[in-house]
Amino acid sequence: MSAKDALLGAAPVDWPVPDDLRNGLAKLHPWPRGKLLPLALENFGLAFAERLCLDPSPVMLAFLTATTTVLNGRVFIRPDVQNPTWQEPTALWLAVVMGVATKKTPMLKAALAPCWAIEKVLRKQAEEEQEQHRTALARWEATDRKERGPKPLPPVPSRLLAQDATREALADLLVHNPGLLAYHDELAGLFKVWGREDRGSERAFYLAAHSGAPVSVDRIMRGSTFIERPVLSLLGFIQPGPFRERVLEGQTEGAGADGLLQRFVVVTAQEQPWVEDRPTIDPGYMDDYHRLVERIWDGLLHSGERVLTFSDDAQQLWRRWESEVEQEIRFPDISDAWRALLGKRLGLTARFAAVLHMLWEQPESVSEVTLRRAIALVQWLEPHNQVIWKRALHGNQEPVLKLARKLQTEELAELTVRTVSHKQMAGIATAEEARRVLGVLAEAGWVIPNGKVFVVNPRVKEVFGV
(Lines give C-alpha, C1' and ligand atoms only; values in the text may rest on other atoms or scores of the structure.)
Protein backbone atom coordinates (compact mmCIF):
# COMPACT_ATOMS: atom_id res chain seq x y z
CA MET A 1 0.00 0.00 0.00
CA SER A 2 1.37 3.40 -0.96
CA ALA A 3 1.70 6.25 1.45
CA LYS A 4 -1.09 8.02 -0.38
CA ASP A 5 -3.38 4.97 -0.10
CA ALA A 6 -2.54 4.79 3.58
CA LEU A 7 -3.60 8.36 4.05
CA LEU A 8 -6.72 7.91 1.95
CA GLY A 9 -7.55 4.66 3.68
CA ALA A 10 -7.56 6.23 7.06
CA ALA A 11 -10.36 8.44 8.22
CA PRO A 12 -11.42 10.78 5.36
CA VAL A 13 -8.53 13.07 4.60
CA ASP A 14 -9.30 16.75 4.65
CA TRP A 15 -6.81 17.76 1.95
CA PRO A 16 -5.84 21.41 2.43
CA VAL A 17 -6.10 23.96 -0.35
CA PRO A 18 -2.47 24.50 -1.43
CA ASP A 19 -1.10 28.02 -1.09
CA ASP A 20 -0.48 30.07 -4.20
CA LEU A 21 3.32 29.94 -4.23
CA ARG A 22 3.55 33.21 -6.08
CA ASN A 23 2.16 35.12 -3.10
CA GLY A 24 4.87 37.34 -1.69
CA LEU A 25 7.07 36.81 -4.74
CA ALA A 26 7.48 39.99 -6.73
CA LYS A 27 6.72 39.80 -10.42
CA LEU A 28 9.44 41.11 -12.71
CA HIS A 29 8.15 43.67 -15.16
CA PRO A 30 9.28 43.70 -18.79
CA TRP A 31 11.71 46.39 -19.85
CA PRO A 32 9.74 49.65 -20.36
CA ARG A 33 10.58 50.16 -24.02
CA GLY A 34 10.78 53.70 -25.32
CA LYS A 35 10.28 55.33 -21.92
CA LEU A 36 13.62 55.63 -20.13
CA LEU A 37 16.59 55.52 -22.48
CA PRO A 38 17.38 57.30 -25.76
CA LEU A 39 16.87 55.20 -28.88
CA ALA A 40 20.58 55.34 -29.70
CA LEU A 41 21.18 53.08 -26.69
CA GLU A 42 17.92 51.19 -26.46
CA ASN A 43 17.66 50.08 -30.09
CA PHE A 44 21.03 48.36 -29.99
CA GLY A 45 20.39 46.81 -26.56
CA LEU A 46 17.03 45.40 -27.58
CA ALA A 47 18.35 44.08 -30.90
CA PHE A 48 21.30 42.48 -29.11
CA ALA A 49 19.02 40.83 -26.53
CA GLU A 50 16.66 39.52 -29.23
CA ARG A 51 19.52 38.10 -31.27
CA LEU A 52 20.94 36.19 -28.29
CA CYS A 53 17.50 35.25 -26.86
CA LEU A 54 18.12 37.18 -23.67
CA ASP A 55 15.77 39.06 -21.39
CA PRO A 56 16.44 42.75 -22.22
CA SER A 57 16.57 43.75 -18.54
CA PRO A 58 20.21 42.88 -17.68
CA VAL A 59 21.32 43.97 -21.15
CA MET A 60 19.86 47.45 -20.79
CA LEU A 61 21.29 47.92 -17.29
CA ALA A 62 24.71 46.72 -18.46
CA PHE A 63 24.65 49.22 -21.34
CA LEU A 64 23.51 52.01 -19.02
CA THR A 65 26.28 51.23 -16.51
CA ALA A 66 28.85 51.11 -19.33
CA THR A 67 28.06 54.71 -20.26
CA THR A 68 29.25 55.87 -16.83
CA THR A 69 32.78 55.00 -18.00
CA VAL A 70 33.04 58.35 -19.76
CA LEU A 71 31.19 60.25 -17.00
CA ASN A 72 32.92 59.11 -13.82
CA GLY A 73 34.86 61.85 -12.08
CA ARG A 74 33.72 64.35 -14.71
CA VAL A 75 30.00 64.72 -13.89
CA PHE A 76 28.41 65.14 -10.46
CA ILE A 77 24.95 66.09 -9.25
CA ARG A 78 23.72 68.09 -6.24
CA PRO A 79 20.23 66.79 -5.44
CA ASP A 80 19.51 69.40 -2.75
CA VAL A 81 20.49 72.99 -3.56
CA GLN A 82 20.08 73.85 0.12
CA ASN A 83 22.64 71.21 1.12
CA PRO A 84 25.96 71.97 -0.62
CA THR A 85 27.65 69.02 1.14
CA TRP A 86 25.54 66.44 -0.71
CA GLN A 87 27.07 65.64 -4.07
CA GLU A 88 26.69 62.33 -5.91
CA PRO A 89 29.02 61.03 -8.65
CA THR A 90 27.71 59.06 -11.62
CA ALA A 91 29.27 55.78 -10.47
CA LEU A 92 26.95 52.77 -10.70
CA TRP A 93 27.65 49.32 -9.32
CA LEU A 94 25.74 46.68 -11.27
CA ALA A 95 25.54 43.02 -10.28
CA VAL A 96 23.72 40.80 -12.77
CA VAL A 97 22.54 37.92 -10.56
CA MET A 98 21.95 34.99 -12.90
CA GLY A 99 22.91 31.36 -13.33
CA VAL A 100 25.40 29.78 -15.69
CA ALA A 101 25.34 30.10 -19.48
CA THR A 102 23.78 33.58 -19.44
CA LYS A 103 25.88 35.09 -22.27
CA LYS A 104 27.75 37.31 -19.83
CA THR A 105 30.89 37.66 -21.96
CA PRO A 106 29.03 38.75 -25.13
CA MET A 107 26.98 41.14 -23.01
CA LEU A 108 30.11 42.73 -21.56
CA LYS A 109 31.72 43.02 -24.97
CA ALA A 110 28.69 44.71 -26.51
CA ALA A 111 28.21 47.11 -23.58
CA LEU A 112 31.86 48.15 -23.32
CA ALA A 113 32.74 48.20 -27.03
CA PRO A 114 32.58 52.03 -27.44
CA CYS A 115 34.66 52.47 -24.28
CA TRP A 116 37.31 50.10 -25.62
CA ALA A 117 37.31 52.10 -28.86
CA ILE A 118 38.04 55.29 -26.91
CA GLU A 119 40.77 53.53 -24.95
CA LYS A 120 42.35 52.43 -28.22
CA VAL A 121 42.64 56.09 -29.23
CA LEU A 122 44.04 56.93 -25.79
CA ARG A 123 46.67 54.19 -26.10
CA LYS A 124 47.77 55.55 -29.45
CA GLN A 125 48.06 59.03 -27.97
CA ALA A 126 50.04 57.57 -25.05
CA GLU A 127 52.46 55.89 -27.47
CA GLU A 128 53.00 59.19 -29.28
CA GLU A 129 53.52 61.03 -25.99
CA GLN A 130 55.93 58.34 -24.83
CA GLU A 131 57.95 58.72 -28.03
CA GLN A 132 58.03 62.50 -27.54
CA HIS A 133 59.15 61.94 -23.96
CA ARG A 134 62.00 59.67 -25.06
CA THR A 135 63.14 62.31 -27.55
CA ALA A 136 62.93 65.08 -24.94
CA LEU A 137 64.74 62.93 -22.37
CA ALA A 138 67.53 62.12 -24.82
CA ARG A 139 67.89 65.83 -25.62
CA TRP A 140 67.95 66.66 -21.89
CA GLU A 141 70.62 64.03 -21.17
CA ALA A 142 72.75 65.29 -24.07
CA THR A 143 72.63 68.85 -22.74
CA ASP A 144 75.39 70.13 -20.52
CA ARG A 145 74.36 69.73 -16.87
CA LYS A 146 74.81 73.42 -16.20
CA GLU A 147 72.34 74.25 -18.96
CA ARG A 148 69.74 71.58 -18.23
CA GLY A 149 66.28 72.55 -17.09
CA PRO A 150 64.00 70.22 -15.11
CA LYS A 151 64.11 66.61 -16.15
CA PRO A 152 61.18 65.77 -18.49
CA LEU A 153 58.52 63.81 -16.62
CA PRO A 154 57.12 60.68 -18.25
CA PRO A 155 53.57 61.00 -19.58
CA VAL A 156 50.70 59.46 -17.64
CA PRO A 157 48.41 57.36 -19.87
CA SER A 158 44.69 58.03 -19.58
CA ARG A 159 42.48 55.04 -18.77
CA LEU A 160 38.77 54.39 -18.64
CA LEU A 161 38.54 50.67 -17.88
CA ALA A 162 40.09 48.03 -15.64
CA GLN A 163 39.44 44.28 -15.75
CA ASP A 164 39.58 42.16 -12.59
CA ALA A 165 42.01 44.68 -11.10
CA THR A 166 43.24 44.60 -7.51
CA ARG A 167 42.63 47.44 -5.12
CA GLU A 168 46.27 48.52 -5.48
CA ALA A 169 46.06 48.58 -9.28
CA LEU A 170 42.83 50.56 -9.17
CA ALA A 171 44.40 53.03 -6.73
CA ASP A 172 47.36 53.59 -9.07
CA LEU A 173 44.97 54.27 -11.95
CA LEU A 174 42.68 56.55 -9.95
CA VAL A 175 45.58 58.73 -8.85
CA HIS A 176 45.98 59.84 -12.46
CA ASN A 177 42.42 59.46 -13.80
CA PRO A 178 39.24 61.14 -12.52
CA GLY A 179 37.18 57.94 -12.75
CA LEU A 180 37.12 54.35 -13.97
CA LEU A 181 34.85 51.41 -14.61
CA ALA A 182 36.05 48.03 -13.37
CA TYR A 183 34.41 44.99 -14.94
CA HIS A 184 34.33 41.38 -13.82
CA ASP A 185 33.09 38.25 -15.54
CA GLU A 186 32.65 36.86 -12.01
CA LEU A 187 32.06 39.11 -9.00
CA ALA A 188 32.22 36.18 -6.58
CA GLY A 189 35.98 36.56 -6.07
CA LEU A 190 35.68 40.25 -5.26
CA PHE A 191 32.80 39.59 -2.89
CA LYS A 192 34.80 36.85 -1.19
CA VAL A 193 37.70 39.25 -0.57
CA TRP A 194 35.28 41.77 0.91
CA GLY A 195 34.01 39.10 3.28
CA ARG A 196 37.37 38.49 4.94
CA GLU A 197 37.77 40.10 8.35
CA ASP A 198 41.41 40.98 7.66
CA ARG A 199 40.56 42.91 4.49
CA GLY A 200 38.72 45.84 6.01
CA SER A 201 40.90 48.23 3.99
CA GLU A 202 39.47 46.70 0.81
CA ARG A 203 35.94 47.56 1.86
CA ALA A 204 36.99 51.05 2.94
CA PHE A 205 38.59 51.70 -0.45
CA TYR A 206 35.53 50.59 -2.41
CA LEU A 207 33.16 52.51 -0.15
CA ALA A 208 35.20 55.65 -0.81
CA ALA A 209 35.32 54.95 -4.55
CA HIS A 210 31.55 54.61 -4.66
CA SER A 211 30.97 58.01 -3.07
CA GLY A 212 34.01 59.91 -4.34
CA ALA A 213 35.41 60.40 -0.82
CA PRO A 214 39.15 60.85 -0.11
CA VAL A 215 41.03 57.64 0.64
CA SER A 216 44.60 56.49 1.31
CA VAL A 217 45.91 53.13 0.14
CA ASP A 218 48.81 51.98 2.31
CA ARG A 219 51.37 49.48 1.05
CA ILE A 220 54.38 48.01 2.85
CA MET A 221 56.91 48.48 0.07
CA ARG A 222 55.56 51.55 -1.72
CA GLY A 223 54.20 53.68 1.07
CA SER A 224 50.85 55.42 0.99
CA THR A 225 48.89 56.57 -2.05
CA PHE A 226 46.38 59.35 -1.41
CA ILE A 227 43.44 59.76 -3.80
CA GLU A 228 41.49 62.94 -3.32
CA ARG A 229 38.30 61.95 -5.12
CA PRO A 230 38.18 58.38 -6.49
CA VAL A 231 35.12 57.50 -8.57
CA LEU A 232 34.61 53.89 -9.60
CA SER A 233 31.82 52.04 -11.38
CA LEU A 234 31.56 48.25 -11.14
CA LEU A 235 29.97 45.93 -13.69
CA GLY A 236 29.88 42.19 -13.28
CA PHE A 237 28.01 38.92 -12.92
CA ILE A 238 27.43 36.60 -10.00
CA GLN A 239 25.41 33.42 -9.55
CA PRO A 240 22.61 33.31 -6.94
CA GLY A 241 24.52 30.95 -4.61
CA PRO A 242 27.61 33.12 -4.02
CA PHE A 243 25.42 36.23 -3.82
CA ARG A 244 23.33 34.53 -1.14
CA GLU A 245 26.45 33.83 0.90
CA ARG A 246 27.38 37.50 0.89
CA VAL A 247 23.83 38.60 1.78
CA LEU A 248 23.66 36.21 4.73
CA GLU A 249 27.07 37.44 5.84
CA GLY A 250 25.77 41.01 5.72
CA GLN A 251 23.00 40.19 8.21
CA THR A 252 25.50 39.77 11.00
CA GLU A 253 27.21 42.53 12.89
CA GLY A 254 30.71 43.54 11.88
CA ALA A 255 32.36 44.16 8.52
CA GLY A 256 29.55 42.58 6.53
CA ALA A 257 26.91 44.99 7.83
CA ASP A 258 28.30 48.25 6.46
CA GLY A 259 25.87 48.53 3.55
CA LEU A 260 28.48 47.76 0.90
CA LEU A 261 26.31 45.14 -0.75
CA GLN A 262 23.27 47.42 -0.79
CA ARG A 263 25.17 49.86 -3.00
CA PHE A 264 24.79 47.46 -5.90
CA VAL A 265 22.05 47.79 -8.47
CA VAL A 266 20.95 44.16 -8.79
CA VAL A 267 19.08 42.77 -11.75
CA THR A 268 18.04 39.28 -12.78
CA ALA A 269 16.11 37.95 -15.75
CA GLN A 270 13.35 35.68 -16.88
CA GLU A 271 14.62 32.70 -18.85
CA GLN A 272 13.92 33.12 -22.57
CA PRO A 273 13.19 30.22 -24.94
CA TRP A 274 15.65 29.61 -27.75
CA VAL A 275 14.38 30.74 -31.15
CA GLU A 276 15.96 29.39 -34.33
CA ASP A 277 14.86 32.20 -36.62
CA ARG A 278 16.25 35.34 -34.96
CA PRO A 279 16.68 38.79 -36.52
CA THR A 280 20.16 40.07 -37.27
CA ILE A 281 21.47 43.14 -35.47
CA ASP A 282 21.29 46.26 -37.60
CA PRO A 283 24.88 47.64 -37.77
CA GLY A 284 23.37 51.12 -37.69
CA TYR A 285 22.08 50.47 -34.17
CA MET A 286 25.58 49.59 -32.98
CA ASP A 287 27.02 52.69 -34.68
CA ASP A 288 24.42 54.90 -33.00
CA TYR A 289 25.33 53.50 -29.58
CA HIS A 290 29.02 54.10 -30.21
CA ARG A 291 28.39 57.65 -31.39
CA LEU A 292 26.30 58.34 -28.27
CA VAL A 293 29.17 57.39 -25.95
CA GLU A 294 31.75 59.17 -28.09
CA ARG A 295 29.62 62.33 -28.17
CA ILE A 296 29.49 62.46 -24.37
CA TRP A 297 33.23 61.79 -24.12
CA ASP A 298 34.15 64.48 -26.64
CA GLY A 299 31.84 67.00 -24.99
CA LEU A 300 33.34 66.48 -21.55
CA LEU A 301 36.89 66.73 -22.91
CA HIS A 302 36.10 70.24 -24.11
CA SER A 303 33.80 71.43 -21.31
CA GLY A 304 35.55 69.97 -18.29
CA GLU A 305 33.88 68.91 -15.03
CA ARG A 306 30.14 69.49 -14.66
CA VAL A 307 28.11 69.73 -11.46
CA LEU A 308 24.42 69.29 -12.23
CA THR A 309 21.43 70.61 -10.29
CA PHE A 310 17.69 70.16 -10.71
CA SER A 311 15.41 72.66 -12.40
CA ASP A 312 12.81 74.29 -10.14
CA ASP A 313 10.08 71.82 -11.20
CA ALA A 314 12.45 68.88 -10.78
CA GLN A 315 13.47 70.12 -7.33
CA GLN A 316 9.84 70.13 -6.22
CA LEU A 317 9.41 66.59 -7.54
CA TRP A 318 12.59 65.59 -5.72
CA ARG A 319 11.17 66.91 -2.43
CA ARG A 320 8.07 64.74 -2.84
CA TRP A 321 10.14 61.67 -3.75
CA GLU A 322 12.52 62.31 -0.85
CA SER A 323 9.60 62.47 1.59
CA GLU A 324 8.12 59.24 0.23
CA VAL A 325 11.41 57.36 0.53
CA GLU A 326 12.22 58.68 4.01
CA GLN A 327 8.78 57.71 5.30
CA GLU A 328 9.22 54.18 3.93
CA ILE A 329 12.64 53.90 5.57
CA ARG A 330 11.03 54.73 8.92
CA PHE A 331 8.30 52.09 8.58
CA PRO A 332 8.83 49.79 11.60
CA ASP A 333 7.92 46.43 10.03
CA ILE A 334 10.83 46.08 7.59
CA SER A 335 14.09 44.19 7.99
CA ASP A 336 17.37 45.97 8.60
CA ALA A 337 18.69 44.63 5.28
CA TRP A 338 15.79 46.17 3.38
CA ARG A 339 16.05 49.40 5.37
CA ALA A 340 19.72 49.62 4.38
CA LEU A 341 18.72 49.10 0.77
CA LEU A 342 16.11 51.86 0.99
CA GLY A 343 18.75 54.11 2.49
CA LYS A 344 20.62 54.05 -0.84
CA ARG A 345 17.53 54.79 -2.94
CA LEU A 346 17.78 58.58 -3.00
CA GLY A 347 21.45 58.57 -3.92
CA LEU A 348 20.78 56.03 -6.67
CA THR A 349 17.92 58.15 -8.01
CA ALA A 350 20.22 61.18 -8.20
CA ARG A 351 22.90 59.16 -10.01
CA PHE A 352 20.41 57.81 -12.51
CA ALA A 353 19.15 61.36 -13.08
CA ALA A 354 22.68 62.60 -13.81
CA VAL A 355 23.46 59.75 -16.20
CA LEU A 356 20.13 60.05 -18.02
CA HIS A 357 20.59 63.82 -18.26
CA MET A 358 23.88 63.30 -20.11
CA LEU A 359 22.45 60.55 -22.32
CA TRP A 360 19.51 62.69 -23.40
CA GLU A 361 21.88 65.58 -24.23
CA GLN A 362 20.27 68.26 -22.11
CA PRO A 363 22.58 71.25 -21.77
CA GLU A 364 21.05 72.95 -18.75
CA SER A 365 19.83 71.75 -15.36
CA VAL A 366 18.24 68.33 -14.88
CA SER A 367 14.61 68.54 -15.95
CA GLU A 368 11.52 67.16 -14.27
CA VAL A 369 11.11 64.73 -17.18
CA THR A 370 14.59 63.33 -16.60
CA LEU A 371 14.01 62.99 -12.86
CA ARG A 372 10.73 61.17 -13.55
CA ARG A 373 12.67 58.76 -15.75
CA ALA A 374 15.18 58.18 -12.95
CA ILE A 375 12.44 57.54 -10.38
CA ALA A 376 10.66 55.20 -12.81
CA LEU A 377 13.90 53.25 -13.27
CA VAL A 378 14.37 52.89 -9.52
CA GLN A 379 10.77 51.71 -9.14
CA TRP A 380 11.12 49.30 -12.07
CA LEU A 381 14.17 47.77 -10.36
CA GLU A 382 12.36 47.22 -7.06
CA PRO A 383 10.91 43.78 -7.95
CA HIS A 384 14.43 42.69 -8.94
CA ASN A 385 15.63 43.73 -5.48
CA GLN A 386 12.75 41.88 -3.85
CA VAL A 387 13.27 38.67 -5.83
CA ILE A 388 17.06 38.61 -5.49
CA TRP A 389 17.22 39.58 -1.83
CA LYS A 390 14.34 37.32 -0.84
CA ARG A 391 15.95 34.44 -2.72
CA ALA A 392 19.23 35.21 -0.96
CA LEU A 393 17.69 35.40 2.51
CA HIS A 394 15.25 32.48 2.22
CA GLY A 395 16.69 30.29 -0.53
CA ASN A 396 16.07 30.06 -4.24
CA GLN A 397 12.37 29.96 -5.09
CA GLU A 398 12.86 28.80 -8.68
CA PRO A 399 13.29 25.04 -7.93
CA VAL A 400 10.20 25.24 -5.72
CA LEU A 401 8.12 26.72 -8.54
CA LYS A 402 9.53 24.26 -11.08
CA LEU A 403 8.74 21.24 -8.93
CA ALA A 404 5.29 22.63 -8.13
CA ARG A 405 4.65 23.02 -11.85
CA LYS A 406 5.70 19.41 -12.33
CA LEU A 407 3.19 18.29 -9.70
CA GLN A 408 0.46 20.14 -11.60
CA THR A 409 1.30 18.76 -15.04
CA GLU A 410 2.31 15.18 -14.25
CA GLU A 411 0.58 12.34 -12.41
CA LEU A 412 2.87 12.05 -9.41
CA ALA A 413 1.49 10.44 -6.29
CA GLU A 414 4.43 10.76 -3.94
CA LEU A 415 8.01 11.94 -3.73
CA THR A 416 11.06 11.30 -1.60
CA VAL A 417 14.24 13.30 -1.10
CA ARG A 418 16.19 10.55 -2.82
CA THR A 419 13.83 10.41 -5.83
CA VAL A 420 13.92 14.17 -6.38
CA SER A 421 17.70 14.47 -6.12
CA HIS A 422 18.51 11.20 -7.94
CA LYS A 423 16.31 12.10 -10.93
CA GLN A 424 17.33 15.77 -10.66
CA MET A 425 13.72 16.88 -10.81
CA ALA A 426 13.37 20.63 -11.44
CA GLY A 427 17.16 20.80 -11.70
CA ILE A 428 17.60 19.75 -8.04
CA ALA A 429 20.87 17.84 -7.80
CA THR A 430 21.53 17.42 -4.05
CA ALA A 431 19.65 15.81 -1.20
CA GLU A 432 20.02 18.97 0.86
CA GLU A 433 18.31 21.09 -1.81
CA ALA A 434 15.61 18.43 -2.35
CA ARG A 435 14.90 18.41 1.39
CA ARG A 436 14.62 22.21 1.43
CA VAL A 437 12.30 22.37 -1.59
CA LEU A 438 10.04 19.58 -0.33
CA GLY A 439 9.93 21.32 3.05
CA VAL A 440 8.73 24.54 1.39
CA LEU A 441 6.09 22.62 -0.60
CA ALA A 442 4.97 20.82 2.56
CA GLU A 443 4.59 24.09 4.43
CA ALA A 444 2.52 25.41 1.52
CA GLY A 445 0.29 22.30 1.52
CA TRP A 446 1.40 20.96 -1.86
CA VAL A 447 2.76 17.75 -0.34
CA ILE A 448 1.95 16.01 2.94
CA PRO A 449 4.86 14.47 4.89
CA ASN A 450 4.33 10.82 5.85
CA GLY A 451 7.56 9.47 7.27
CA LYS A 452 10.23 9.71 4.57
CA VAL A 453 7.58 10.07 1.87
CA PHE A 454 5.90 13.28 0.72
CA VAL A 455 2.42 12.54 -0.55
CA VAL A 456 1.24 14.84 -3.34
CA ASN A 457 -1.91 16.74 -2.44
CA PRO A 458 -4.58 15.84 -5.04
CA ARG A 459 -5.81 19.43 -4.93
CA VAL A 460 -2.63 20.94 -6.46
CA LYS A 461 -4.38 21.20 -9.82
CA GLU A 462 -6.93 23.55 -8.24
CA VAL A 463 -4.24 26.18 -7.72
CA PHE A 464 -3.76 28.69 -10.51
CA GLY A 465 -0.63 27.83 -12.54
CA VAL A 466 2.68 28.80 -10.92
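Predicted model: local features only at pLDDT ≥ 70, side-chain atom pairs only at ≥ 80, totals over all residues.

Colleague: In what order do the 3 strands of the open sheet lie?

Modeller: The order is β2-β1-β10, with mixed pairing. Strands here are DSSP runs of E with at least two residues, helices are runs of H or I with at least four, and both are numbered from the N terminus. Two strands pair if DSSP finds at least two bridges between them.

Colleague: Which strands are at the edges?

Modeller: The edge strands are β2 (88–89) and β10 (306–309), each of which pairs on one side only.

Colleague: And in which sense do β1 and β10 pair?

Modeller: Strand β1, residues 75–78, pairs with β10 in the parallel sense over 4 bridges. R78 stands opposite T309 in β10.

Colleague: On to charges. How many salt bridges does the structure hold?

Modeller: There are 19 salt bridges in the structure, each being a side-chain nitrogen of Lys or Arg within 4 Å of a carboxyl oxygen of Asp or Glu. One of them joins the side chains of R159 and E119, at 3.3 Å from N to O.

Colleague: Why does that pair tie together separate parts of the sequence?

Modeller: R159 lies in the loop between α4 (104–142) and β4 (161–163), whereas E119 is in helix α4, so the pair links parts that are 40 residues apart in sequence.

Colleague: Is E119 buried or exposed?

Modeller: E119 is buried, at 7% relative accessibility, whereas R159 is partly exposed at 31%. Buried means under 20% relative accessible area, exposed means over 50%, and partly exposed lies in between (1.4 Å probe, protein chains only).

Colleague: Which residue meets E131 in a salt bridge?

Modeller: The partner of E131 is R134, at 2.7 Å from N to O. These two residues are 3 apart in helix α4, so about one helical turn separates them. E131 is partly exposed, with a relative accessible area of 42%, and R134 is partly exposed at 44%.

Colleague: What about R436?

Modeller: R436 forms a salt bridge with E433, their closest N and O atoms being 2.9 Å apart.

Methods. Residues numbered from 1 in each chain as written. Heavy atoms only, no water.
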